[in-house]
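My entries follow in the order I looked things up.

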Amino acid sequence: MSIDIDTARRVAHLARIAVAEDDLPALAQQLSGILTFMEQLNEVDVTGVEPMTSVTPMRLKRRADVVTDGGYAAQILSNAPDAREGFFAVPKVVE
Amino acid sequence: MSELSKLTLAEARDALRKGETTSLALTEACLSEIEGAARLNAFVHVTPELALDQARAADARIAAGDAPAMCGMPLGIKDLFCTRGVPSQAASHILNGFRPEYESTVTQKLWDAGAVMLGKLNMDEFAMGSSNETSTYGNAVNPWKVDDRDLTPGGSSGGSAAAVAADLCLAATGTDTGGSIRQPAAFTGIVGIKPTYGRVSRWGIVAFASSLDQAGPMTRTVRDAAIMLGAMAGHDPKDSTSADIPVPDFEAMLTGDIRGKTIGIPREYRMDGMPAEIEALWTRGAEMLRDAGAKIVDISLPHTKYALPAYYVIAPAEASSNLARYDGVRYGHRARLAEGDGIVQMYEKTRAEGFGKEVQRRVMIGTYVLSAGFYDAYYNRARKVRALIKRDFDEVFAQGVDAILTPATPSAAFGLGEMQDADPVEMYLNDVFTVTVNLAGLPGIAVPAGLDAQGLPLGLQLIGRPWEEGDLLNTAQVLEDAAGFVSRPAKWW
């Protein structure tokens with residue numbers, strides 16, 4: 001399966017990465033190359049095989065559903081490109 | 001005295017305990033080596049004040065007679081580990097300026113044990129690469145050289161490998177998602193172990209592919225790997241995939257006795273076009289283990305061929321999800337916006353400016369294989385193949401195989417820039433011998449085993465049973481002793 005320019009444009013948008021129109025053909029070609037490589041997987045008989053979810057057979061630990069951490073908003077915001085009045089600031093989302 | 005930076009962890013520990021040197025002296029020696037090694041571009045953020053403070057504290061602790069093995073050891077830390085107040089940007093422009101407010105579990109454990117941080121080490125951006133050429137800091141350079149070319153130290157832990165091989169630090173942390181500890185270790189003639197998935201906490205390590213990532217030590221000897229892994233490993237409530245099982249004394253398990261062990265030689269690793277030197281080294285490695293009393297058996301891991309394509313579905317899929325957090329809101333780079341740009345433009349421009357080309361490609365591939373209509377065809381199929389790859393290993397271990405011997409890499413270190421025009425898939429082939437181990441969650445170790453005809457180091461890989469790093473390290477030490485690899489890169493930098 002090869003990726004055409006429209007698909008490359010759509011994938012870039014889904015990934016939220018701006019790609020210039022001029023760069024789309026090369027991108028489509030590279031992505032197609034990688035997908036062709038992946039297509040070897042179609043040779044494998046996977047009938048009756050469950051997709052692996054956890055590489056080690058372990059049961060994830062549980063703990064009481066209580067707050068165990070928090071209360072340091074200033075530290076959370078300390079690396080933000082734009083933080084104001086205790087919030088992350090972003091361009092207007094809703095008109 | 002620059003000789004101090006050449007010590008192994010074991011030698012330095014013994015010297016410190018006997019009072020023959022101090023952590024301060026070791027640390028100053030390393031800082032001076034780092035200063036003289038800018039050409040290698042291995043250290044990208046040096047933290048001398050922190051290092052000297054930690055060294056003085058370590059010396060006080062050693063004087064008080066209560067010092068664990070890692071106490072006073074000057075280390076380099078891969079840039080992927082979050083270190084409080086110190087730049088930690090996964091070698092990506094998108095994390096420019098990021099100084100974490102917290103410390104990764106692994107580095108915290110090392111500091112608690114008294115280790116000293118010299119600084120942060122170069123790597124491929126977000127650990128995506130096999131040559132350290134995708135870093136926002138520029139290429140790290142291999143201290144090994146055979147002509148006027150600069151060679152790659154491998155990747156993604158290229159800075160870690162270069163720093164340990166060039167004696168800039170006594171040891172370093174690395175991480176390994178598809179071979180990122182073992183391939184650079186092999187390219188630079190050092191030891192690197194990827195532990196069993198779950199042995200070491202991933203908390204505070206910038207995530208690439210969460211079901212494959214595992215941190216481990218990169219050291220000059222197998223004994224050092226045993227010492228340092230012991231300090232890094234252990235259950236962490238903050239990583240739900242970290243295993244709540246005891247960490248044995250790995251160093252104590254280095255008995256040198258592998259009589260009666262069964263070592264498997266997987267026929268599927270004999271690749272077409274494999275250089276004769278690597279094939280010969282592999283055969284010699286098997287002979288060394290046989291001479292030490294192990295039984296060598298031929299085994300089959302029939303799905304080996306499909307490991308790389310499965311990996312290049314699963315790893316980018318997980319990466320596309322993990323890297324969604326880099327959106328210009330909470331940390332790092334945010335693009336300058338044009339009049340009228342909304343939040344979507346902010347995301348798209350920030351990520352286009354912040355991520356390098358290889359990271360962008362992998363995020364997009366991951367997005368594609370997870371998108372509606374393709375999820376089953378690619379992602380689920382890859383996870384099924386992954387189950388079969390793990391089953392291959394389960395079966396040979398059930399037949400009584402204790403460890404598996406393979407080459408570590410399909411070639412010696414290549415020149416920086418030589419793969420520039422290659423298809424991305426060609427670079428991916430570097431991981432052909434290592435990636436199966438991540439997919440199956442197993443421990444794997446690269447041991448330097450010889451030089452090729454040009455004089456560059458070549459490594460062998462041993463793969464162990466889950467949670468049996470101690471046994472694996474013991475076999476690795478037997479191989480290390482028999483191979484007797486003592487070559488060091490001549491200083492040119």
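Predicted model: local features only at pLDDT ≥ 70, side-chain atom pairs only at ≥ 80, totals over all residues.

**Surface patch, chain A**

I started at Tyr72(A), which sits in the loop between helix H2 (24-38) and helix H3 (73-77) of chain A. Tyr72(A) has a relative accessible area of 32%, so I logged Tyr72(A) as partly exposed.

Asp82(A) pairs with Arg84(A), and the closest N and O atoms are 2.7 Å apart.

**The annotated domain, chain B**

I looked up the record next. UniProt lists residues 26-473 of chain B as "domain: Amidase", in an unreviewed entry. I checked the make-up of residues 26-473 of chain B: 35% helix and 14% strand.

**Aromatic pairs**

How many aromatic pairs does the structure hold over all chains? I got 17. I took Phe126(B) and Phe355(B) from chain B. Their ring centres are 5.9 Å apart and the planes meet at 75°, which is over the 60 degrees needed, so I wrote the pair down as edge-to-face. Phe126(B) lies in the loop between strand E3 (116-121) and helix H5 (158-165) of chain B. Phe355(B) lies in the loop between helix H10 (343-354) and helix H11 (357-370) of chain B. The pair links distant parts of the chain, 229 residues apart.

I then turned to Tyr269(B) and Phe433(B). This pair is stacked, with 5.8 Å from centre to centre and 20° between the planes. Tyr269(B) is in the loop between strand E7 (262-266) and helix H8 (276-291) of chain B. Phe433(B) is in the loop between helix H13 (424-428) and helix H14 (435-439) of chain B. Here 164 residues separate the partners, and the pair again links distant parts of the chain. Tyr269(B) is buried, with a relative accessible area of 0%. Phe433(B) is buried at 1%.

**Charges over rings**

I found two lysines to note in chain B. The charged end of Lys238(B) sits over the ring of Trp203(B), 3.9 Å from its centre. Lys145(B) lies over the face of Trp492(B), 4.3 Å from the ring centre.

**Salt bridges**

I searched the whole structure and got 30 salt bridges over all chains. Asp176(B) and Arg182(B) meet through their side chains, at 2.8 Å from N to O. Both residues are buried.

Arg202(B) and Asp239(B) form another salt bridge, at 3.5 Å from N to O. Which parts of chain B does this pair tie together? Arg202(B) lies in the loop between strand E5 (191-194) and strand E6 (214-219), and Asp239(B) in the loop between helix H7 (222-232) and E7, so the bridge ties together parts 37 residues apart in sequence. Arg202(B) and Asp239(B) are buried.

I also traced a salt-bridge network. It links Arg13(B), Asp14(B), Arg223(B) and Glu251(B).

I checked the peptide bonds. The bond from Gly155(B) to Ser156(B) is cis, with omega near 5°. Ser156(B) lies in the loop between E3 and H5 of chain B.

Where does Ala127(B) lie? I placed Ala127(B) in the loop between E3 and H5 of chain B. Ala127(B) has a positive phi of about 65°, although it is not a glycine. At 4% relative accessible area, Ala127(B) is buried.

Asn41(B) is a further non-glycine residue with positive phi, near 50°. Asn41(B) lies in the loop between helix H2 (23-35) and strand E1 (43-46) of chain B. Its relative accessible area is 21%; buried requires under 20%, so I logged Asn41(B) as partly exposed.

Definitions and conventions. Residues numbered from 1 in each chain as written. Chains lettered and ligands numbered in written order. Heavy atoms only, no water. UniProt positions renumbered as here; feature names shortened; annotations may be inferred. Helix = DSSP H or I, 4+ residues; strand = E, 2+ residues; numbered from the N terminus. Phe/Tyr/Trp six-rings, centres within 6.5 Å; stacked < 30°, edge-to-face > 60°. Buried < 20%, exposed > 50% of the residue type's maximum accessible area, 1.4 Å probe, protein only. Lys NZ or Arg CZ within 6 Å of the ring centre and 35° of its normal. Salt bridge = Lys/Arg side-chain N within 4 Å of Asp/Glu carboxyl O.
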